[in-house]
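Subject: Handover of a protein model

Dear colleague,

Please find below the structure that I am passing on to you.

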Amino acid sequence: MNDATPTRRRRAGGRAGHSARAGGHAIEQMPWRLPKNIDRPTEPLGEEGVQAIHDGAMRVLNEIGIEFLNEEARAHLQAAGCRVEGENVRFDRAFVEEMVARAPASFTLTPRNPERQLVVGEGHILFGNVSSPPNAWDLERGKRPGDFETYKEFMKLTQYFNCIHFAGGYPVEPIDIHAGIRHLDCLYEKLTLTDKVAHTYSLGAERVEDAMEMVRIAGGLTHEEFDASPRMYTNINSVSPLKHDWPMLDGAMRLARRGQPTVVTPFTLAGAMAPVTLSGAVMLSLAEALSAIALLQYIAPGSPVAIGTFTSNVDMKSGAPAFGTPEYIRATQITGQMARFYGLPLRSSGVCAANVPDGQAMWETMNSLWAAVQSGTNMVYHAAGWLEGGLIASPEKFVMDCEVIQQFQRYMEPQILGTSEADLAIDAIAEVGAGGHFFGCQHTQDRYQEAFYGPFLSDWRNYEAWQSAGGIWSAERAHGIYKKILAEFEPPPMDPAIREELAAFVARRKQEGGAPTDF
């Protein structure tokens, strides 16, 4: 495999590389920052359209209802005055609106390294790693089931890249570890190989309780300190259409009671699990999300929540999910309008349906990321490494996506929009005059190092120079960078006593059997 990582220094928005923080010099990258989206959001609907979707969601909740497969959740909602018949719960409009109004418009997440604290909302746009694929793919090994060593590779990439703000779910499912103890090993590696905000799956009481305790230990926190502010988060998905399952509701309620955030993300594919019309699909998604948010706000008023959108469409020829489509973009934009209507943070995703890191993968992902920017998304899940509609995680795609994410971060820097006298450069224009060039003028010399974004992956040489250097394609260059990152990686520091306590907790929980399974 050719290693085509450029040897010359690369600028990133004119800033010195901060790769030493991440353990090496494989690339020169932008420093850690919390980017703010300075663009006005795209709002495809008028006020009447927003009201129509809200009214429709309230009608679904009131007239049709949502099935809650968790008996505790149903008991809470019945006590709140909702109409419960079997597993079906119907909501009064006024109750839903009152509960949703309790939720904060933004919240902070503080991991074990307080310098990595995140603000979810307030115009910030934060990016996370690929989460939950069962398979991995790379140029050397091809497609294969996920395993623990590959999981750890993705954790290292997650830590290394400053443009990745939070460590989502398992970047690839390590099926070589039994499901009963998998969460213990995976979270241990996540908390030691990274110092970023961690996600936990809401897949049973034991997994959620173990995760909260491990995050508490890793942060060196008392139980009171952990409960006092958000330290971790979960994401739950409804079972579209019109259903919430037992374990996800259980996990969300456990976290909410301890002040930890839940992102509620219905998985509504228009034409399959949702109406084929875009407004109908978005409306159904919102009804499902708001029902869970109402529950959480009833049992834990003011607990942090976010609305997630995963509304896209299917290929009507095969039924396969499609991502990065025009419909996906519009659905994300509309959900962004509705999230602002409800005063809630928004989560969307950087997704594609491509099977390998090729042109299709990047144009679909770019569409998804532009949708995130245009919608005012605050958390972008799966922003780096996603392939095959979420069935594959790829390190080459991870590196390629981080190049794109950095470019979005540069795009959002307000200083590139300056209109001062110096920015307008009238004196420089007069100095150069007609027919001249600006390469050598003092105005350029004073600014050239910080003027433009400098990529770490793109190759801007002409065809002949590129060909003479080996004709290395983008995915091959990304593979070389990924290998260098792993070779140079050093985990972030952790107090040895905390690491020992964390390891002891994992060992004890394994001895106790971890989470129960039926196999």
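A cavity, on a 1 Å grid over the protein atoms alone, is a set of points where a 1.4 Å probe fits but cannot get out, and its lining residues have an atom within 4 Å of a point. Volumes are the space filled by probe spheres set on the points, which are joined across faces, edges and corners.

This is a predicted model, in which local features need pLDDT of at least 70, side-chain atom pairs count only at pLDDT 80 or more, and totals for chains, interfaces and linings use all residues. Residues are numbered from 1 along each chain as its sequence is written, and side-chain values use heavy atoms, with hydrogens and water left out.

Confidence. The average pLDDT (the predictor's confidence in each residue, from 0 to 100) of the protein chain is 95, and 95% of the residues score at least 70. Over residues 1–24 the pLDDT stays under 50; the model has 73 contacts (heavy atoms within 4.5 Å) beyond four places in sequence for them.

Cavities. Two cavities of 30 Å³ or more were counted. Helices (H or I, at least four residues) and strands (E, at least two) are DSSP runs, numbered from the N terminus.

Of its 13 lining residues, P111, R112, L191, V215 and R231 lie nearest its centre. Strand 10 and helix 7 are the elements that give two or more residues to this lining.

Four strands form an open sheet of mixed pairing in the order 2-3-1-12, where two strands pair if DSSP finds at least two bridges between them. At the edges are strand 2 (83–85) and strand 12 (243–244), each pairing on one side only. Strand 2 is antiparallel to strand 3 (residues 88–90), with three bridges; V84 has V89 in strand 3 as its bridge partner.

Yours sincerely

Conventions
On a 1 Å grid over the protein atoms alone, a cavity is a set of points where a 1.4 Å probe fits but cannot get out, and a pocket is an open set with protein on both sides within 12 Å along at least five of seven lines; lining residues have an atom within 4 Å of a point.
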